[in-house]
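Me: Could you walk me through this structure in a few questions and answers? I am new to it.

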Amino acid sequence: MNLKLKIWRQKGPKAEGKMVEYPVNDVSPDMSFLEMLDVLNDHLVEKGDEPVAFEHDCREGICGSCSLYINGEPHGPGRGITTCQLHMRSFKEGETVYIEPWRAKAFPIIKDLVTDRSAFDRIVQSGGFISVNTGSPVDANAIPIRKESADEAFDAATCIGCGACVASCKNASAMLFVSAKVSHLSLLPQGQPQAKERVLAMVAQMDAEGFGNCTNTQACEVECPKGISIEHIARMNREYLGAAISYSPPKATVGGD
Amino acid sequence: MSTQSTNSFFLSSLSKKYFMAATGLFLIVFLIGHIAGNLQLFMSGYEGRLQFNEYAVFMTTFIPVKILSYITYFCIVFHVVDGVALTIQNRKARPQKYAYSRPDKNTNFSARNMMVLGSLILIFLGVHMYAFWAQYHWNDQMPIMLHTDGVSPLLKETSAAIKGGQVVGTDVVLNGEVLGPVMKDLYQIVMEAYQVWWVTLFYVISMVVLAFHLWHGFASGFQSLGLNHPRYMPVIVIAGRVFSIVVPALFAAIPIYIFLFVK
Amino acid sequence: MSEYRKETSELDARAPEGPLAEKWTHHKDHVRLVSPGNKRRIDIIVVGTGLAGASAAASLAEMGYNVKAFCFQDSPRRAHSIAAQGGINAAKNYQNDGDSTFRLFYDTIKGGDYRSREANVYRLAEVSTHIIDQCVAQGVPFARDYGGLLDNRSFGGVQVSRTFYARGQTGQQLLLGAYSALSKMIGKGGVKMYNRHEMLDLVKVDGKARGIIARNLITGEIERHSAHAVILATGGYGNVFFLSTNAMGSNVTANWKAHKKGAYFANPCFTQIHPTCIPVSGDHQSKLTLMSESLRNDGRIWVPKQKGDTRKPNLIPEDERDYYLERRYPAFGNLVPRDVASRAAKERCDAGYGVGASKMAVYLDFADIIKRIGADGVAAKYGNLFQMYEKITDENPYEVPMRIYPAVHYTMGGLWVDYNLMSNVEGLYVLGEANFSDHGSNRLGASALMQGLADGYFVVPYTVGDYLADDIRTGPISINLPEFEQAEKAVKDRLAAFVNNKGSKPVDYYHRQLGKIVWEQCGMSRNAEGLKQAIIDINALREDFYKNVRVPGGVNELNQELEKAGRVADFIELGALMCQDALDRNESCGGHFREEFQTPEGEALRDDDNYAYVAAWEYQGAGVPAILHKEELVYENIKMVQRSYK
């Protein structure tokens, strides 16, 4: 089939960008969306043009690299998939396909469709972990964990950090991402000792990165390729409220002699 | 990990949500009280008028109610200020808009337009407060009627009949005769207002706007306060939907009823 | 064919003396240590942030070393370890089925067809239990039973349930655990993280690995980074085949640069072809998708008995189907090891029994299990995999059998390392899939994750100190040394050559060509004739590549074509070495199947007398045969026998 692509082209972080139209012909319905872009890029290189920069790696929906806003939705039409799992059979002959990068102040554009999502890394660095050093922790079965909690923690932990939640949110809020990590760790007994510090620190970092506020539109939940529920946002709201009310920082202690 | 001061708690994005939710949910409770009172407007004739106006006196003089009303004003103001602050911040979070976006694919109309809906409600509130609240409190020319105060009615005419009277203290005096204690006839103002078709229409449209605002706002408030549980959330959502249709519909029914049936 | 020099048996693995079960403990007790105060004066570079790299970087930083970590992805969380589906082995014996360190060790050696190093594999089995403890402590949400304890499942080629899993996303959950540990240390300042940086050369000073040259992939800037030791945890090289289950970015460049600087490349021809992948659907295909090995627990593999049968699978009656794995291997049936299952599928397709449009596929049929436990039962077990299959192929596997075909999945070969995981270049350590050490010529399912984390959490943090104890007085390594200058210049020249080469063909064209050659001649089965031709073809392709490749854009910007060009250039050289290695090894073992060396029934025929060695190759230049160094494999604790799954 033949399609008309309208792709955001931007030379660099500070350059002006614009939508540029490219026709692509003889697209096979079995192609993945990214393979269709590969074909376009090979044509562009052969013509001597610069290929479209876009992010991708595993191409099986787990690494979270691919990040395209296709026809007005993150990861395009279809639910529970990433862009690399989107196939061309989802499009119609002659259709115009709009392709844009994620747009958020906290995800500045580097080039074309590539954005800088390191804000997510910094949020995790601020507290998205359990402080256990490598060494000899207790036996893995020493702490039984209710299956229900373990399963729920897993559901939250499946987040691939793609940023579709931010991209879909009209406020460019990162609440689903942050809450998935807070929820995952706070649902497990191992994560409890640090739960208050974690949620306070991660929310503070989230705010500092310039993400917007959550207004519960639920777009993130709809567009999340892993179907992560906004229940996790509610859990984070609870955790944060509790922590903000009751948290007192540990007092500095003087070391032994 | 960084420590958190009280100050940063109030500045955090989550706290703004809590305040939005808490004030919003309070206003929802207020709406229940308000509609309960307003339903008295369906009572016609002298008894209706009497009961409604007595109710107005009660609402403006009973101290606990007064306190509640100040809390309500505060909530409205805070809800508005907080909402504006959130919106400004949210706009900043996406300085460059999408060239092509289809938010209708993943959100409902209400959720996307809370700010617009809220602003329209604010305009409505202004008009509403001017039309009734401000008249009731500050208009010297308010019609009055005799306050029965537990005694059998002294005057069965419409309040217009005592317009010639003078208020002396809390009593009205007509042609030198003390008729008894009086109260402002809010009922009359309401009935007159809704005889005008465009006033009625304005109120009805405003209630539709309110319905949309509540459609998202009700369950959203619970979610923001962290009250989302797989077992209870469906109940909350359904309750929210029912509330957001029934309450504004009742509010809207009053002017329609008056416009059509009260002459 | 002896165009290269062989130098025999000079490589010493430096495995500690003593009984197998005590080697590691004894070794840990006697290696030199670096005191906490001195660790602060020592810098370590870790390249790659997958399971091995992230776990090593985090652990070393926790110990007090200054760590600089590098990854080419936009975040360390995206390393390709994340895509591992099935699980991770550990000899916990939670299921009380008689599992033990020795059994895990033995299964791994046998599964690897007796081409791995005994001492390393035993250590791997020994630390496997600590990995599970560590990961659970980090909050990795492994599957649990209703009592709240950890659940296990069984994987191909073994008779116990020792595989821990997190639905079909075990690799993701383990990587996120390691990533969280890494993030914690980045937050604390123990690790300086360089995202979107690609290592483009290794810098050696006085024969020791002392730093790297890296390119900032956003600005294109070439940076020098120095350290007292360099750790490569850069994964496997399966993308030499172009089509593989690897991520698009997975590459051999860091390893290859180290190889060019003197590190030996061991057993490059040992590649694992995974039997259950979604078949190629057309020329546009950019990568292949794996369907988890767990599907073989319940799916039955078959082809029609009639050649070129074009009937729909459901219309082919039972007695006209050939369940060839069950026919050939009655004892293990559909659960034979990966190499065996892959070769059997290829044999059927080559003989003309393949199915689907391309005729290069076999059926994986779930009709029996669906009949037995119902579609809902199957959905509970494999729902996400069935969904994934349907998304890609637009076919419903509940109604029609899956079509599958083998695809390149993992590379057992890698840089040669000793018992301490140090390569023959002093101060250069290699971890995870990037080294060669633990899987011999075939890796068992759920062992890759185990090895990556064992190396990173529990091996290198101990062994690196033994080397660094000499460096406590060295002080910071200057990046102004001539060695850094020369290496930087070489990198810049090379990049400039690419963008100034006004050729006509895109990089992918060459990558596909290379993939085709290597897949056909050095894939699931090899022969001397084909391998010799492949070496000639690859050398010709290399010349064409440098002459005619077109890399648009400049050097000082984000330039994905330039990144690919550098990687493909290295893959081309590697391809030739793989063929050389395969040609040298006149036997069949594990994933390496030489058509000339098979039993009358078509099974792999090992030659333990002549080939029980690790082939470690020394680089001599592009297009020049490498020099072979051997490490003899000595088995003191087990007997080498012919693998049989019949």
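**A tour by questions**

Me: In what order do the 5 strands of the open sheet in chain A lie?
Reply: Strands here are DSSP runs of E of at least two residues, helices are runs of H or I of at least four, and both are numbered from the N terminus. Two strands pair if DSSP finds at least two bridges between them. In chain A, 5 strands form an open sheet with mixed pairing, and their order is 2-1-5-3-4.

Me: Thanks! Before we go on, what kind of model is this, and how is it numbered?
Reply: This is a predicted model, where local features need pLDDT of at least 70 and side-chain atom pairs count only at pLDDT 80 or more, while totals for chains, interfaces and linings use all residues. Residues are numbered from 1 along each chain as its sequence is written, and chains are lettered from A and ligands numbered from 1 in the order in which they are written.

Me: Which strands of the chain A sheet stand at the edges?
Reply: An edge strand has a single partner strand, so one side of it is left without a neighbour in the sheet. In chain A, that describes strand 2 (17-24) and strand 4 (73-74).

Me: Which residue in strand 5 of chain A is the bridge partner of A:Ile70?
Reply: Strand 3 (residues 68-70) and strand 5 (residues 96-101) of chain A run antiparallel and are joined by 3 bridges. In strand 5 of chain A, the partner of A:Ile70 is A:Ile99.

Me: Which helix of chain B gives the most residues to the side that touches chain A?
Reply: Two residues are in contact if their C-beta atoms, placed from the backbone, lie within 7 Å. By that rule, 40 residues of chain B are in contact with 45 residues of chain A. Elements giving two or more residues to the chain B side include helix 1 (6-11) and helix 4 (63-92) of chain B. The most, 5 residues, come from helix 2 of chain B.

Me: And how far apart are the C-alpha centres of domain 1 and domain 2 of chain C?
Reply: Domain bounds come from an automatic or database domain assignment, which for chain C gives domain 1 (274-408) and domain 2 (498-632). The two touch through 6 residues of domain 1 of chain C and 6 residues of domain 2 of chain C. On the domain 1 side, helix 9 (residues 338-350) of chain C has the largest share, 5 residues. The C-alpha centres of these two domains of chain C are separated by 29 Å.
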